[in-house]
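Reader: I would like to go through the terms used for this model and hear what each one rests on. Please show me the structure before we start.

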Amino acid sequence: MKVHIKNEKMNLHFWLPTRLIFSKSIARIANSAGREYAADAMQSVPPEALEAIFTELQNIKNRYGRWELVDIQSSEGEMVQIIL
């Protein structure tokens, strides 16, 4: 996963390993954190569904390679881009 954040003060690029970010153990951590900090939003999401979503994101990365998750550009020239 590639993350690119750019504004007039900084130009930040960093890469995160997709297999690590979308692993089942991270899905379990995200589920427990979501239940603690966003209980209303996570109430209807079972842990198995979150693991399935993370697994499917890994499959999408393997199948299609580059896939843009977020591409935002403001009128002031600020930019946020997240590529799977």
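Author: This is a predicted model. Its open sheet has 4 strands in the order β2-β1-β4-β3, with antiparallel pairing.

Reader: What makes β2 and β3 the edge strands?

Author: Each of them, β2 (11–15) and β3 (68–73), pairs on one side only. Neighbouring strands of the sheet are turned by 5° against each other on average, with direction ignored.

Reader: How do you know that β1 pairs with β2?

Author: Pairing takes at least two bridges between two strands. Strand β1 (residues 2–6) is joined to β2 by 5 bridges, so the two count as paired. They run antiparallel. K2 stands opposite W15 in β2, and H4 stands opposite H13 in β2. The two strands form a hairpin with 4 residues between them.

Reader: Turning to the helices, why are α2 and α4 called oblique?

Author: Helix α2 (residues 24–37) and helix α4 (residues 47–64) pack at an angle of about 135°, with their axes 9 Å apart. Roughly perpendicular covers 65 to 115 degrees, and roughly antiparallel needs over 145. The angle falls between those two ranges, and α2 and α4 are therefore oblique to each other. The crossing of α2 past α4 is right-handed.

Reader: Which residues make the contact between α2 and α4?

Author: From α2 they are K24, I26, A27, R28, A30, N31 and R35. From α4 they are P47, L50, E51, F54 and T55. By class, the contact has 6 nonpolar, 2 polar and 4 charged residues.

Reader: Why is the pair R28 and E51 called a salt bridge?

Author: The cut-off is 4 Å between a side-chain nitrogen of Lys or Arg and a carboxyl oxygen of Asp or Glu. In R28 and E51 the closest N and O atoms are 3.2 Å apart, so the pair is within the cut-off and counts as a salt bridge. A search of the whole structure finds 3 salt bridges.

Reader: Which parts of the chain does the pair R28 and E51 link?

Author: The pair links distant parts: R28 lies in helix α2 and E51 in helix α4, 23 residues apart.

How values were computed
Residues are numbered from 1 along each chain as its sequence is written. This is a predicted model: local features need pLDDT of at least 70, side-chain atom pairs count only at pLDDT 80 or more; totals for chains, interfaces and linings use all residues. Side-chain values use heavy atoms; hydrogens and water are left out. Axes are lines fitted to C-alpha atoms, for helices over the stretch in contact, and angles run from 0 to 180 degrees between N-to-C directions. Angles under 35 degrees count as roughly parallel, over 145 as roughly antiparallel, 65 to 115 as roughly perpendicular and the rest as oblique. A crossing is left-handed if the near helix is turned anticlockwise from the far one by less than a right angle, and right-handed if clockwise. Contact means heavy atoms within 4.5 Å. Ala, Val, Leu, Ile, Met, Phe, Trp, Tyr, Cys and Pro count as nonpolar, Asp, Glu, Lys and Arg as charged, and the others, Gly among them, as polar.
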